[in-house]
Amino acid sequence: MGSTDAPSTTYQLLDLYRAMRRVRETEERLAALFADGEIPGFIHLAIGQEAVSVGIAAALDEHDTLASNHRGHGHAIAKGLDLDRFFLELFGRRDGHCRGRGGSMHVADLSMGMLGANGIVGAGLPIAVGSALAHKLRGTGHIAAVFFGDGALGEGVVHESFNLAQLWKLPVLFVCENNGWSEFTETARLIATDPQRMAAAYQMRTCKVDGNDVVAVAAAARTEVAQVRAGEGPCLIECQTKRVRGHFEGDPQKYRDAGDIAVAAHDDPLLRCEAQLIAVGTAQRTIDEIKTETKIRVDAAVANARAGAQPAPLDAFADVYSPEREPVS
Amino acid sequence: MTEVRFGGAINRALSDALTADSRVILLGEDVAQPGGPFGVTRGLFDKFGPERVRDTPISEAALAGVAVGAALTGLRPIIEIMFMDFVTLIMDALVNQAAKVRFMFGGQTSVPMMVRMPHGGGINAGPQHSQCLEAWLAHVPGLKVVCPATVADAYGLTRAAVVDDDPVIVIEHKALYAAKGELPDPPTATPIGRARIAREGRDVTVVSYGGMVPVALAAAADLARAGVESEVIDLLSLQPWDEASVLASVAKTHRLIICHEAVEAFGVGAEVAARVADAGFDELDGPIVRVGAPFMPPPFAKALEDWYRPDAAKIVAAVKKAIS
C-alpha cells in the first residue's frame, strides 16, 4: 500500500472487496444453478480470478469501453452491469441484457461501454483496438480495455492487434489474464514465449502484476490507464492468476493434478483482500456484513430471473437487421 | 448525366460519403497514399487526411475486427479487402461478430460498417485472386450483400451501404472498374433490396448481377435477333434479394434463367431457383436453368479462364434449353 497509486484508504479497499465478493457470489451461484440444470448451455467461471476484473475495472471510467471473452462474468459485473438483467440473461429470459439470445458468452451492455463477452478466443482484441480508434478520432477522452487469457496468445489476430494499437498509438489497455491454462492444456506447452515479450516485440509498454492481489492490480491499472488516457499509446498488463474451476462447468479436469487445483484454490484473492482489510483495521463484522448483503442481492437477482418471462421466437426476427429507414438520396 | 468509369463512380461515392458524415472513415491495405490497388480510392487521402483515410498493415483479420469495434463506438467505417478471395481472413469478424452483434445483444446496437471487395475473373489472376464467394456471405443472417453492375449503381449502392445501419458487403467485379457509364447529376443512392429491370422482354426472364449483367444483355441482343425477347433482371442486392420483382417477371415470361460467374453449385442461383420453384411454381412453363462456372477453382491460363467464365453463348444455350 506504499505506492501513491494504490488504494490508500480502507474505504477504497472495501469497495474492491465488495466488488470481488459480488463477482464470487454470482459465480458460485451460477455453478450451483448450472449443476441443477437451471442454467443451460456452457458457462466458464473465473473463480479465483476476481482481483483481475475488479482491479482493472476500478481504474476505468463508466464510458470507457470494454471487450471481454468467454470467461467474462467478472468483467461484466465489475464494469457495473445490472445484476438482475445479468441473471435474466444467464437464465435465457426475455428481459436479460441480450433478451435471452446471447447467454453467458455474450453478455453486453453498450450503455455501460461493455462491448460484449465473446465466444471466439482473441476476437475481443481488434474490437477494442477499433473502439480505441473511435475514441481517438472522436476525441471522447475515453479508452478501450480488453481482457483475454494466455490461451489467446496463439491467435494471429492478437499479434495484428498489438501491432495496430502501437502503430497508431491508440488508447487501449490490453489485459492478459494469465491463468496458465489454454482450455485443457497448459499454456507452457503451447506458446513459445510469454505475453510480456510478445507485446515488447511490438514496442508496447508492459507490466506484470500478481493478479490475485487486487491492490496490486488496481494500482497497476490506475498508473497504466492514466498513461493510456494521456495519449501515451497502448499498454499490456499481464495479471498472473490461477484457474480454480475447469475450462467450463462440468469439466472434470482429469488433465490436471489435484495438487495444482488445491494450490489455485488456496491462493484466494478474496481471502487475501480480507487479510489486507483486517490489517488496516477493518472489523470482521464489516466483512461479514458485505458477505451477507451480497448474498441477499444475488438471491434477489436469482429469484427475479427465475420468475422472468420467456423470450418469444418471433420477436427475435426484429433484431437480425436494424429497422428499415428511408433511403437517402 | 456525366460519363465516368465504374471505379470513378465508387471513388465519387466514397468522397461524397466522407464529406456527408464525419463519422465515416476509410481503412484498408494501400487505400490511402497509394490510392488503392485498383485506383478506386485515389485522392481521398489528400482530401480527407491521414486520420480518416488510413493505410493498414496486411492484417485483414484485425482490420475487420477494428471496423466492428469502431462501429460500436460511434464511427461508420468503410474497409477495403483487396480481393474477395481474402474474405477467408475476415470471416470471424464478419460472421461471428459483425453479423451477430445486433441480434446477439438483443437489439441494443447495430454495426454500421461497410466492406468493399472485388471479385471475379477476367484478368488471369488465378485461383486465389478471382473467386466469386458471395453465396457464403448471403448465407449469413445479419449481413447484407450487394453487387452493382452499372456506374449509376456502383455509386448508388456504395452510398446506400455507408448509411445503412447494418454491415453491408459491396462486391465489385474487377473487370467492370474501367467500364464507362452515365452517372446522374446529382447522383443518387440505390435502395438496398430492390432489383432493376435492365431490359424488358416477354419470352424468358434472365436474372443476373454484377459483371454478368452486361453479358446477359449481350446474350439478350443475340436472342432478339432470333426472335426471343429476354427480360434481364439486375438483382443489385443478393441479401436481401428482390424476390417479388423476379416472381413478377416470371409471371410474365414463365421461363427463368439465372446466371452468375460464381460456381453454379450451391450458389445464389440455387436460392433464386428454389424460391421461384416454391412461390412461383404455377407460373413456370419449363425447367429453371442455371448458368455458372463449373465446379472447380478459377484457373489461371487464358485458354482455361476464358472457357471457365460463363459467356453470352452459354446464356443463349441455356435460354434455348429453357424454352425448348
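Modeller: Before we start, Ala, Val, Leu, Ile, Met, Phe, Trp, Tyr, Cys and Pro count as nonpolar, Asp, Glu, Lys and Arg as charged, and the others, Gly among them, as polar. Also, this is a predicted model.

Colleague: Okay, how do the residues of the lining of the largest pocket divide?

Modeller: The pocket holds about 640 Å³ of space. Its lining has 27 residues, with B:Ala135, B:Trp136, B:Phe266, B:Gly267 and B:Val268 closest to the centre. Sorted by that scheme, the lining comes out as 18 nonpolar, 5 polar and 4 charged.

Colleague: Which element of chain B gives the most to that lining?

Modeller: Several elements of chain B give two or more residues, among them helix 5 (134–138) and strand 13 (256–263). The top giver, with 4 residues, is helix 9.

Colleague: Which residue does a cis peptide bond join to B:Pro186?

Modeller: B:Pro186 sits in the loop between strand 8 (180–183) and strand 9 (196–199) of chain B. Most peptide bonds are trans. Here omega is about 0 degrees, and the partner in the bond is B:Asp185.

Colleague: Over in chain A, is A:Lys169 buried, partly exposed or exposed?

Modeller: A:Lys169 is in the loop between helix 6 (156–167) and strand 3 (172–178), and has a positive phi of about 50 degrees. Buried means under 20% relative accessible area and exposed over 50%. At 41%, A:Lys169 therefore counts as partly exposed.

Note on methods
Residues numbered from 1 in each chain as written. Chains lettered and ligands numbered in written order. Predicted model: local features only at pLDDT ≥ 70, side-chain atom pairs only at ≥ 80, totals over all residues. Heavy atoms only, no water. 1 Å grid on protein atoms, 1.4 Å probe; cavity = no way out; pocket = protein on both sides within 12 Å on 5 of 7 lines; lining within 4 Å. Points joined across faces, edges and corners; volume = space filled by probe spheres on them. Buried < 20%, exposed > 50% of the residue type's maximum accessible area, 1.4 Å probe, protein only.
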